Amino acid sequence: MATAFHTSADELANAEGVAQNVTLYNGRKAALQLHVIIIGCGLGGLAAAHCLAQAGHRITLFESAPAIGEVGAGIQVTPNVSRLLRRWGLGKPLHDVAVVPEGISFRRYNTGEKVGYTKWGDKIEQDHGAPYYNIHRADFHKLLFDLAAPSMELHLNSTVTDVDPDAPSVTLASGEVIHGDMIIGADGVKSLVQKVVLGRVNPAEPTGDAAYRSIIPTSILLADPELKPFVDLPEMTAWMGPRRHVMAYNIRAKKIFNVVLLHPDDGSVESWTAPGSSEQMREDFKDFEPRVQKLLSHVNATIKWRLMSRQPLEKWIHKSGRVALLGDACHPMLPYRAQGAAMAIEDGAVLGNLFSHISHLSQIAPLLQAYEKLRLERTAATQASSRLNQHIFHLPDGPAQEARDADMRRAMEIEIRKINGEHVEVDNEGCHNQWADRRKNEEQFGYDADVAAETWWTEVGEREIGNLVV
């Protein structure tokens, strides 16, 4: 088994922040430099740009937006991602703008009674080797953008209208054609590149849910004795109700309180920027406990988007062996498990590591196939885990909800015993609180994308394609 091989970079990142001399792959650069075209300047596209550039490749990135703006609200950076960000030299700047949640609490929607709890804080780093953070999506995007920008050629306001997978090349709305050696489609849930790879569109299925996203200055909460504890002890708090739930947590160094409200879809659109109605939001959650009512009374604006589910794809790589998908273009995640950005960033890390080994054009296709093999099963399992939480969180009042709450309480009681110093060997496997399930946590948070890629190369790649020349 390959081991984590970037300890010095981790230490430097924690001590100094963005370290310009941090290098990946123990300084290994590909023997052959590729020209890689990346479509999409989201978190996954930027991660791929950085990692592939670190592997020695030339990067051209096309983004249809005319500017890089502040889009979205809160996002969670789980240990499987924060370990990569530390390795990339982002440990300190990430810590400076993010918030470490002390735990996650689950509450009854109408009473606020706590029915579930898992402790995080320092413990999650002790268990998984890296911290858990809550961050503003715009802050996260800026960290990755500033990291990747010096090593790529960025074209904004550049919409890709066609992809020729055999050339390979992309055609822009302007009519310009750009050729490269490999194309990565990181162009989101409505991916053009996905159509090229599959020859069709992967159908979107309505989940029946939509979500409001809102932010509130924490100064407002600190002025209210009932709301102040949500800032003083920065946990993640979920209120679970029939067909609805609320998730709330601090971001931007505890300056902003992020509130996400899932509810039955009433005809919204699948968009990160569509405005919602604050008045309708308050009406939709009027039967939630008084503290939720207080929080929502301070919301002046909200965005609202329709949640759509897509099944895992049968393939991510075009038959030409020169075009691949990444992130939401091949495995969009529902937000119930907080792994959408994580999976996309892991994709980028695996690509960079694998392509640090390339020495001939004939190796592009098998390396892309290895990327698909390493990533497809993990991302599909994470998609399924996210869909499961939708069901768990939204049970109607009744026997199934009571059984869920009882199961969560049992796990919470075990957690409290552990906090009090008692040695308890219970895995909570299958618990309705998926963050209390030790096996699931180890699988999700203990994953190291670089170790996975290095292990594959050592055990398979070096022998099968290391000397492949066609």
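The report below goes from domains to a helix pair and then a strand pair.

This is a predicted model, in which local features need pLDDT of at least 70 and side-chain atom pairs count only at pLDDT 80 or more, while totals for chains, interfaces and linings use all residues. Residues are numbered from 1 along each chain as its sequence is written, and side-chain values use heavy atoms, with hydrogens and water left out.

The protein is divided into two domains, with bounds from an automatic or database domain assignment.

| Domain | Residues |
|---|---|
| domain 1 | 9–70 + 137–203 + 313–386 |
| domain 2 | 205–309 |

Taken over C-alpha atoms, the domain centres are separated by 31 Å. Ten residues of domain 1 touch twelve residues of domain 2, where contact means heavy atoms within 4.5 Å.

Now to the helices, which are DSSP runs of H or I with at least four residues, just as strands are E runs of at least two, numbered from the N terminus. Helix H12 (residues 340–354) and helix H13 (residues 364–393) have axes that come within 10 Å and cross at roughly 160°. That makes H12 roughly antiparallel to H13 (angles over 145 degrees, on a scale from 0 to 180 between N-to-C directions). In H12, the residues meeting H13 include Met343, Val350 and Leu354; among their counterparts in H13 are Leu367, Tyr371 and Arg378.

Finally, strand E8 (residues 160–164) runs antiparallel to strand E9 (residues 169–172), joined by four bridges; pairing takes at least two bridges found by DSSP. A hairpin of four residues links E8 to E9, and Asp162 sits opposite Thr171 in E9.

Methods: Angles under 35 degrees count as roughly parallel, over 145 as roughly antiparallel, 65 to 115 as roughly perpendicular and the rest as oblique.
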